[in-house]
Amino acid sequence: MMKKTPNRNTELAALEILRQTGVDIVEAALVAKSALEAGRGRTKRAYACISAGAATLQAREKTVTFERAVSAAIEERRERRKRTVTDFRYMAKRLMKRCQGLAKKRVRSITAQECTTYLRQAFDTPRQRNKARLILSGIFATAMQHGWCAENPVQKIKPEKIRENRINILSHEEIERLVHTASEYAQGACLAAVAIMLLAGVRPHECERLRWRDVRLVEGVIVISPQHSKTGGARCVTIHPPLAKILRRVQKAQDERICPPNWRRHWAALHREAGFTPWQPDVLRHTFATHHLATFRSYTELQLEMGHRSADLLRTRYVAMGGRFLTEYRRGVSLLVG
């Protein structure tokens, strides 16, 4: 059976329809030809192919603004520790504040190169950028789960290498001055917390979360639960004799916190009163780590005490076996064995 040849009026009507698309007539005709070929020459099937393709394309192009993706990522993490959520929110807001246009940019269109630029614009040090990189990656991971982007561009960005600098430790005189001030300040309300940070290497934010029931003097350990630790893993920290002596002296009821109310204000006032201005945030933990290694000669034991995933950080940053420490150590100063 021969196909019916369209008359002149039909051809003109078809050309007018193609013109109304606003697309070049030849290109429009090629698109129509491709659709019919995909539909195997049948009009209804061609329409079905176009409809299915449009739905697929729409799903592929589905996306939201970076600001919306941040909100979703924070919502998904609402059950995590308060400090984790606070850090996540702070880093994300800083990115949007310092990188013009990022908040309203569609996440699907953001490239790895742009992410690198954003990290450099928003953060000043390699350590900050590496931390922000993890948070930015988490935002894109959430976006992928919702179908708002096809890939996580941050995975193409390598973490920056960090050159660790040695930090100071407290001298024998400084240790005595700090402990004496803590004993006198607010009737010794802060002494337990100071002693735990100095003589057990517990992180300040971990110490804030501790209660006296976590201090097991009979077993000789302080229990850091997963919800209280920085890394999310539980550990038991050894109570060495000098620490045990202090804790027995100031021990309180099981449900009471180790740190008194308004701890941060008290802690700032205490180290100012002891003459430490400015205060180095890591100095107590570093002092503990250095003395522990010198006394027990074991990176493995120190790693477990401090809650690190590996001993690499201990070797590069926390342990400064030189100069000032050796002077103190030769004098027989030991924090951990009395």
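Trainee: Hello! Which helices do the buried residues of H4 pack against?
Mentor: Welcome! Buried means under 20% relative accessible area, exposed over 50% and partly exposed in between (1.4 Å probe, protein chains only). In H4 the buried residues are Phe66, Ala69, Val70, Ala72, Ala73 and Ile74. Their packing partners are H5 and H7.

Trainee: What kind of model is this?
Mentor: Residues are numbered from 1 along each chain as its sequence is written, and side-chain values use heavy atoms, leaving out hydrogens and water. Local features need pLDDT of at least 70, side-chain atom pairs count only at pLDDT 80 or more, and totals for chains, interfaces and linings use all residues, for the model is predicted.

Trainee: How many helices and strands does the protein chain have?
Mentor: Helices (H or I, at least four residues) and strands (E, at least two) are DSSP runs, numbered from the N terminus. For the protein chain, the secondary structure comes to 16 helices and 3 strands.

Trainee: What share of the protein chain is buried?
Mentor: The protein chain has 338 residues. Of these, the share that is buried comes to 42%.

Trainee: How far does helix H7 reach from its first C-alpha to its last?
Mentor: H7 covers residues 126-145, which is 20 residues. The expected span of a helix is 1.5 Å times one less than its number of residues, and for H7 that expectation is 28 Å. Close to it, the reach of H7 is 29 Å.

Trainee: Which helices pack against the buried residues of H7?
Mentor: The buried residues of H7 include Ala132, Leu136, Phe140 and Thr142. The helices they pack against are H4 (66-76), H5 (82-98) and H6 (112-122).

Trainee: Is Thr142 buried or exposed?
Mentor: Thr142 sits in helix H7. Contact means heavy atoms within 4.5 Å, and Thr142 touches Ala72, Ala73, Glu76 and Arg77, not counting residues up to four places away in sequence. Because its relative accessibility is 1%, Thr142 counts as buried.

Trainee: Are H6 and H7 oblique or roughly antiparallel?
Mentor: Axes are lines fitted to C-alpha atoms, for helices over the stretch in contact, and angles run from 0 to 180 degrees between N-to-C directions. H6 and H7 pack at about 135 degrees with their axes 10 Å apart. Angles under 35 degrees count as roughly parallel, over 145 as roughly antiparallel, 65 to 115 as roughly perpendicular and the rest as oblique. Therefore H6 and H7 are oblique.

Trainee: Which residues of H7 make the contact with H6?
Mentor: On the H6 side, the contact is made by Cys115, Leu119 and Arg120. On the H7 side, it is made by Arg129, Ala132, Arg133, Leu136 and Phe140.

Trainee: Are H13 and H14 roughly antiparallel or roughly parallel?
Mentor: The axes of H13 (residues 283-296) and H14 (residues 299-306) come within 9 Å and cross at roughly 150 degrees. Therefore H13 and H14 are roughly antiparallel.

Trainee: Which residues of H14 make that contact?
Mentor: From H13 come Arg285, Phe288, Ala289, His292, Leu293 and Phe296. From H14 come Tyr299, Glu301, Leu302, Glu305 and Met306.

Trainee: In what order do the strands form the sheet?
Mentor: Two strands pair if DSSP finds at least two bridges between them. E1 and E2 (residues 221-224) are joined by 2 bridges, while E2 and E3 pair over 4 bridges. The sheet is open, its pairing is antiparallel, and the order is E1-E2-E3.

Trainee: Which residues of E3 point to one face and are buried?
Mentor: The side chains alternate along E3.

Trainee: What separates the C-alpha atoms of Cys259 and Cys207?
Mentor: Cys259 lies in the loop between helix H11 (241-250) and helix H12 (263-273), and at 6% relative accessibility Cys259 counts as buried. Leaving aside neighbours within four places in sequence, Cys259 is in contact with Ala193, Cys207 and Glu208. Cys259 and Cys207 are 52 residues apart along the chain, and their C-alpha atoms are separated by 7.3 Å.
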